[in-house]
Amino acid sequence: MQSRTYRAKTMKDALSRVRRDLGGDAVILSAREVRRRRLFGLGARSVVEVTAADRMPEEVAVGGSARTPVPGTIAGAPTSAAPTISPALQARFGEQLSRLHTMVETLSRQGRIDHLIPDVPTELVPAYSELIEAEVPEVLIHRLIQRVAEGLEPDQFDHPDAIRAALGQAVADCIPVSPPIPPVAGARRVVALVGPTGVGKTTTVAKLAANFKLAHGARVGLVTVDTYRIAAVEQLKTYAEIIDLPLSVVGDPSEMTRALDELGGVDLVFIDTAGRSPRDEVKIRELAEFLRQARPDEIHLVLSAVAGQRSLKAAVDRFAAVQVDRLILTKLDEADSLGGVLGLLVTSSRPVSYLTTGQAVPDDIEPADRMRLARLILNQEALS
Ligand SMILES: Nc1nc2c(ncn2[C@@H]2O[C@H](COP(=O)(O)OP(=O)(O)O)[C@@H](O)[C@H]2O)c(=O)[nH]1
Ligand SMILES: [Mg+2]
């Protein structure tokens, strides 16, 4: 029997070297994770150490008659006789098997172990898993882990709470947020909400309007340029009646100035816009014309957190023609993971103003807070 020990970055690498050198019948005698300190204080790094033999050790294979070849078999290998294994060896193999099992389970839970082992200190593997589970884009995961590793003091690597906090902070640092809308009594502020169909623009306008009126005592007016779907105008009319707010309906850009004037002395005007397909560029140009006339102080692009990063990015690109200042993220309550949202926030460089967390008007809305959003992304915190 020939046995050798291999060290490799991954279990897969180790096993393929075993197979290459010792053939397909190779037997694993032991496997363990070995931690090595890394340079530059980046915590420890793991390698996998596997000891393997080209075949089953004879003392195991043939029990008590280890050194006596069994007649009629090539090179003494047993064919039909049931092997008897000493209790001590059984225990040793049992223990190794269970260690291997645990290791493989951990590795497969991490999913992308091939990328994981070379770069990630062992202590940061749970943080890495959190990011994978949140479906954060891979490039960003590596940046975040590196930032966490660089930011931790050497003695903090042994404190999971410190690592979690550092990860939360690293994610929060990537999230641009804006302060809430500042209504000033007597100085009319115009805020427009744009975005793809069905993301929650009208509902969010109702939530914002009700909150500014009821909680802040602001004088609020509403404008809708939603001439496209009659039902959508009715939806905002219903909210306007319930909250008791003036509403102007605008069917053409040339009517915008008049509609704003009709609202009289209000502090805050919310403009709700038609839910048109973000792919329809002509309609977006028309929307841009409505907004040019309205000259809003702030344009918020409303995006559903349920959407994946690609469609979020597509929406941002399509609405670029209307000079979006801020993002409102809706339906956080319906999103399974928020990693795509994080990916978008990092690349779009537009700050988030509000988060909405359910259908209830006016309750399910909150000003964006980067630490809270980071903890929601990492599943470190529940919505309510
Ligand atoms: N679960 C959930 N549903 C929401 C949220 N915001 C809006 N909605 C729902 O999404 C649907 C479309 O909303 P609407 O305001 O009409 O979207 P619009 O087409 O962009 O104006 C409605 O059923 C809303 O109740 C939210 O934060 N969470
Ligand atoms: Mg609408």
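Helices (H or I, at least four residues) and strands (E, at least two) are DSSP runs, numbered from the N terminus.

This is a predicted model, in which local features need pLDDT of at least 70 and side-chain atom pairs count only at pLDDT 80 or more, while totals for chains, interfaces and linings use all residues. Residues are numbered from 1 along each chain as its sequence is written, chains are lettered from A and ligands numbered from 1 in the order in which they are written, and side-chain values use heavy atoms, with hydrogens and water left out.

**Stop 1: strand 9 and its neighbours**

Select residues 326-330, which form strand 9, where four of the five residues are buried; buried means under 20% relative accessible area, exposed over 50%, and partly exposed in between, with a 1.4 Å probe and protein chains only. To follow the chain from strand 8 to strand 9, select helix 12 (residues 309-318), through which the chain passes in a right-handed β-α-β crossover. A crossover is called right-handed if, with the strands pointing away from the viewer, the path from the first strand over the helix to the second runs clockwise.

While helix 12 is selected, pick out Asp 317, which belongs to this helix and is partly exposed, with a relative accessible area of 46%. Although Asp 317 and Ser 348 are 31 residues apart in sequence, their C-alpha atoms are 9.2 Å apart in space.

**Stop 2**

Leu 327 stands opposite Val 352 of strand 10, and Ile 328 has Tyr 354 as its bridge partner in strand 10. How many of the five residues of strand 10 are buried? Five of the five are, and strand 10 is accordingly described as mostly covered.

Eight of the ten residues of helix 13 are buried, so the helix is largely enclosed by the rest of the structure; among them are Val 341, Leu 342, Leu 344 and Ser 348. Just after helix 13, Ser 349 takes a positive phi of about 55°.

**Stop 3**

Select residues 365-367, which are strand 11, joined to strand 10 by three bridges and running antiparallel to it. Here Thr 356 has Ile 365 as its bridge partner in strand 11. In the loop between strand 10 and strand 11 you can find Pro 362, and the peptide bond that leads from Val 361 to Pro 362 is cis, with omega near 5°. Most residues other than glycine have a negative phi, and most peptide bonds are trans.

**Stop 4: the ligand**

Select ligand 1 together with the 16 residues that surround it, of which the closest are Gly 198, Lys 201, Thr 203, Asp 333 and Thr 356; a residue is counted here if one of its heavy atoms lies within 4 Å of the ligand. Helix 8 (residues 201-214) gives the largest share of this shell, four residues. Now look at the oxygen atoms of ligand 1, one of which is 2.9 Å from an N or O atom in the side chain of Thr 202. An oxygen atom of ligand 1 is also 3.1 Å from a polar backbone atom of Lys 331, and a backbone N or O atom of Gly 358 lies 3.1 Å from an oxygen atom of the ligand. Such polar contacts are pairs of N or O atoms within 3.5 Å.

**Stop 5: two residues with positive phi**

Finally, select Arg 295, in the loop between helix 11 (281-294) and strand 8, where phi is positive at about 45° although the residue is not a glycine. Arg 295 is exposed, with a relative accessible area of 67%. Then move to Asn 379, in the segment after helix 14 (370-377), where phi is near 60° and the relative accessible area of 59% makes the residue exposed.

Technical notes:
Two strands pair if DSSP finds at least two bridges between them. A polar contact is a pair of N or O atoms within 3.5 Å; within protein, one must be able to donate a hydrogen and the other to accept it, and residues adjacent in sequence count only if both atoms are side-chain atoms.
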